[in-house]
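Have the sequence and the model open while reading.

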Amino acid sequence: VGPGLRHSFALVVASVVWLPSLHLFYERDAAAAFSGSGVPEVARALVAPALRPEGADGAMASTHASSDEWDLMGRTFTAWSLANLALRDPEHQTSYLAALDRILDETRRLENEHGFRYFLLDYGKTRRFRVAPERSLFVDGEIALMMGLRRLVAEDGDPNELTALADVIADRMSQGPVMSAESYPDECWTFCNAVALSALAVADVVDGTDHGDLERRWIEVAKKKLVDKGTGLLVSRYSYDGDVMEGPEGSSLWMVAHALAVVDEPFAADQYARAKKELARSTLGFGYAVEWPDSARGHADIDSGPIVPFFEASAGSSGLALVGAKTFGDEAYFGQLMTTLDFAAFPITKGSALRYAASNPTGDAVLLYATVLGPAWDRVRERRKP
Amino acid sequence: MRPLVRFAVVTLMSFAVLHVLGFREDAGFLSGTHVGTLLGGVAYVLSYFVAVVAAPVAMIAAALLWVGGRSRRAPVRDEGRRPVSEGQRGGGLAVAPRQAG
């Protein structure tokens, strides 16, 4: 046997030994991060910057240079996480709620001072919306959910603020030809409409209102007009009249399924199962998600993040897949995604705080949310039972 | 065997140098975030994946070749109870000479 062949054989054997074992070096106790109670260690480390007296506003504002949307989403995912943390850890509820209030006040101050377009991408800053007065459901829905979850934890502050915003959201969605309101001029996003519906569900619990009819009609219309025929998955973007502009996308779908879990759980679970089939991947013990189903490929954008060649893994879809997996009790996939996070997202620990170098404050906020979500949705479901 | 070990050592050292120099912070380009230098971030990420995926494979392969080489030479020492001659060292295809009688 020649030395070349011997070397090749040794390399093949070494690969067979090493590559399937690699994930073992990155596996953490995913069960702790998956648990529905207590505060997982990873969450405690991720939330640390938001609990400092100066808060995490500076870090969130820094994302504004990369994406105006990320600024708002970083704030909202952190606020939603803080509400869940307050429910998980009542002993420290005061500090979680103080941090949540700081974020909520600062976000609303920015919206009041600069207008809602402050949080929109450039193309949303100048074009005219179809419906007057102009508003964005992206901004309204996310802020409403912040306000709603805040009140779900503890009833204080002005209850009329949420009621008024929920009324605006419900009116604008009801007016739409496909029961949807614009996030951008003549552009509706399933993500934003699903988040808005979940905010209305929370408002129903804390205000005693009833948006059940709007929710049912939205689901009906979505099943008829907003579902991709090939995959059965909800599309991500459509015009105000309901013309599909972009098919199913992982960076939308996982969150849509999560948000709809308090609106129509069977439909949400079906969307998760379909998304798992079409978008979830696992290689050598590492879990990740692609952005598009094979049958409806799109192009990389700010939502998908860069696509990893060959594997087609999307940072945006993979991060939000954690949210979906946690919501629907998919512990095995959740664990594999967490393993990939430690392998490929470059965690950096400084003192008690953790962040991921490959991510940004918005991505870290999504990861924090994925590790703590659960109690708020449980409370909404419990209290909405007839 | 030596080229494999050399490859592993060089890639591990390259990664260690980039890590110590703080280029891990620049990996934000993976999420489309503008942090640090793109070149430093790309170099860090590539060196990291080579260090954790390819370098261990090279080291294991080198270890296998070393073990294989030793086992092929072992009968000479056992049968002859004498040191392996220079001519037999390192020649993977060399057949151990049998003792006469």
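Which residue forms a salt bridge with D241(A)? The partner is R130(A), with the closest N and O atoms 3.1 Å apart. A salt bridge here is a side-chain nitrogen of Lys or Arg within 4 Å of a carboxyl oxygen of Asp or Glu. D241(A) lies in the loop between β2 (237-238) and β3 (244-246) of chain A, and R130(A) in the loop between α7 and α8 (137-153) of chain A, so the pair ties together parts that are 111 residues apart in sequence. Both ends are partly exposed: D241(A) has 40% relative accessibility, and R130(A) has 43%.

This is a predicted model: local features need pLDDT of at least 70, side-chain atom pairs count only at pLDDT 80 or more, and totals for chains, interfaces and linings use all residues. Residues are numbered from 1 along each chain as its sequence is written, chains are lettered from A and ligands numbered from 1 in the order in which they are written, and side-chain values use heavy atoms, leaving out hydrogens and water.

**Salt bridges**

Over all chains, the structure holds 27 salt bridges. Four of them are tabulated here.

| Pair | Closest N and O atoms |
|---|---|
| D241(A) and R130(A) | 3.1 Å |
| D68(A) and K125(A) | 3.1 Å |
| R109(A) and E113(A) | 2.9 Å |
| E25(B) and R355(A) | 2.3 Å |

D68(A) forms a salt bridge with K125(A). This pair links distant parts of the chain: D68(A) is in helix α5 (residues 68-88) of chain A and K125(A) in helix α7 (residues 123-126) of chain A, 57 residues apart. Helices are DSSP runs (H or I, at least four residues), as are strands (E, at least two), numbered from the N terminus. D68(A) counts as buried because its relative accessibility is 13%. K125(A), at 29%, counts as partly exposed. The cut-offs are under 20% relative accessible area for buried, over 50% for exposed, and partly exposed in between (1.4 Å probe, protein chains only).

R109(A) and E113(A) sit 4 residues apart in helix α6 (residues 93-114) of chain A, so about one helical turn separates them. R109(A) is partly exposed at 35%. E113(A) is exposed at 53%. Shared partners join E106(A), R109(A) and E113(A) into one network of salt bridges.

**Helix α11 of chain A**

Helix α11 (residues 212-225) of chain A has 14 residues. Its first and last C-alpha atoms are 20 Å apart, close to the 20 Å expected at 1.5 Å a residue. That expected span is 1.5 Å times one less than the number of residues. Among the buried residues of α11(A) are L214(A), W218(A), I219(A) and V221(A). Their cover includes α9 (159-175), α10 (190-207), β2, α12 (250-260), α13 (265-279) and α17 (375-384) of chain A.

**Chain B against chain A**

The contact (heavy atoms within 4.5 Å) takes 28 residues from chain B and 29 residues from chain A. The two chains bury about 2,300 Å² between them, 67% of it on carbon and sulfur atoms. Buried area is the accessible area (1.4 Å probe) that two parts lose on being put together, summed over both. R24(B), E25(B) and V57(B) supply 22% of the area that chain B buries against chain A, more than any other three residues.

The rule finds 2 salt bridges across this interface. E25(B) pairs with R355(A) in a salt bridge. Helix α2 (residues 38-80) of chain B gives the largest share of the side of chain B that touches chain A, 14 residues.
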